[in-house]
Amino acid sequence: MTLDQLLAEGVPPVAAILRGLRPDEAIDVAAALIDNGIRILEVPFNSPEPTKSIAAITQAFGDRALIGGGTVLNVEAVEALVEAGGRLMVTPNTNPAVIARAVALGLEVLPGFMTPSEAFQAIAAGARRLKLFPGASLGPAYLKAVREVLPRDVAVWAVGGTNAETFKDWLAGGAEGIGVGGALFKPGDSAAVVGERAAALTAAWKAATAG
């Protein structure tokens with residue numbers, strides 16, 4: 001399952017950032033997200049035993065969702081992600097060696113950038129999608145300006161402070177999608193609560209793209 005395939009199917013362009021997810025709750029939380037339309041799942045590597053959660057979710061839902069790891073900071077983490085079955089790598093920064101290794105291993109990559117210089121470093125390392133971070137601090141107008149100088153075949157996702165209320169603004173600013181963390185999942189949240197928030201994000205996307 002690739003990101004292009006999911007988007008072509010009409011899946012909402014929302015990546016669920018499941019920071020703090022535990023392996024014992026991974027299946028239930030993932031099911032709640034997928035059942036409510038969110039089919040791009042990221043377990044950050046600073047979560048408890050992230051590769052166990054990634055492996056469990058991949059085994060259960062790998063044919064329905066794109067599952068990967070976030071806060072990937074070094075090549076060793078890239079290789080651990082692949083071993084766990086993850087297909088998506090997300091970073092908070094621009095590290096050409098990490099990006100290049102992930103691309104070489106066949107992962108989809110979403111490296112973090114803040115400045116145009118960082119964006120072009122990531123592109124040179126092989127990235128074709130980028131993560132603007134921290135999104136809320138920069139805003140859709142900043143993204144719109146940066147998009148003017150980026151190659152047209154490079155997509156940008158906004159992450160950091162994004163939510164259902166700002167979804168439409170980010171799309172209008174040129175984002176292909178958004179990554180949502182605390183507004184979707186926080187440690188201790190029940191699967192039912194996560195499902196309700198996922199449904200709200202899906203509804204916000206439908207409203208933003210209607211007509």
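Reader: Before we go on, what should I know about the model and the numbering?

Author: This is a predicted model, where local features need pLDDT of at least 70 and side-chain atom pairs count only at pLDDT 80 or more, while totals for chains, interfaces and linings use all residues. Residues are numbered from 1 along each chain as its sequence is written, and side-chain values use heavy atoms, with hydrogens and water left out.

Reader: Ok, which residues in H10 are buried?

Author: Val194, Gly195, Ala198, Leu201, Thr202, Ala204 and Trp205. Buried means under 20% relative accessible area, exposed over 50%, and partly exposed in between, with a 1.4 Å probe and protein chains only.

Reader: And what covers the buried residues of H10?

Author: The cover includes strands S1 (14–17) and S9 (177–180), plus helices H2 (26–35) and H9 (167–172).

Reader: At what angle do H2 and H10 pack?

Author: About 25°, with their axes 8 Å apart. Axes are lines fitted to C-alpha atoms, for helices over the stretch in contact, and angles run from 0 to 180 degrees between N-to-C directions. So H2 is roughly parallel to H10; the cut-offs are under 35 degrees for roughly parallel, over 145 for roughly antiparallel, 65 to 115 for roughly perpendicular, and oblique for the rest.

Reader: Which residues make that contact?

Author: Asp28, Val29, Ala32 and Leu33 come from H2, and Ala191, Val194, Gly195 and Ala198 from H10. Contact here means heavy atoms within 4.5 Å.

Reader: How about H2 and H3, how do they cross?

Author: The axes of H2 and H3 (residues 50–61) come within 9 Å and cross at roughly 50°, so these two helices are oblique to each other. Ala26, Ile27, Ala30, Ala31 and Ile34 of H2 meet Ser53, Ala56, Ile57, Ala60 and Phe61 of H3.

Reader: Switching topic: where is glycine 126?

Author: In the loop between helix H6 (116–124) and strand S7 (129–132). Glycine 126 is partly exposed, at a relative accessible area of 28%.

Reader: What's glycine 126 in contact with?

Author: Ile99 and Val103, leaving aside neighbours within four places in sequence. Glycine 126 also sits 9.1 Å from alanine 102, C-alpha to C-alpha, with the two 24 residues apart in sequence.

Definitions and conventions:
Helices (H or I, at least four residues) and strands (E, at least two) are DSSP runs, numbered from the N terminus.
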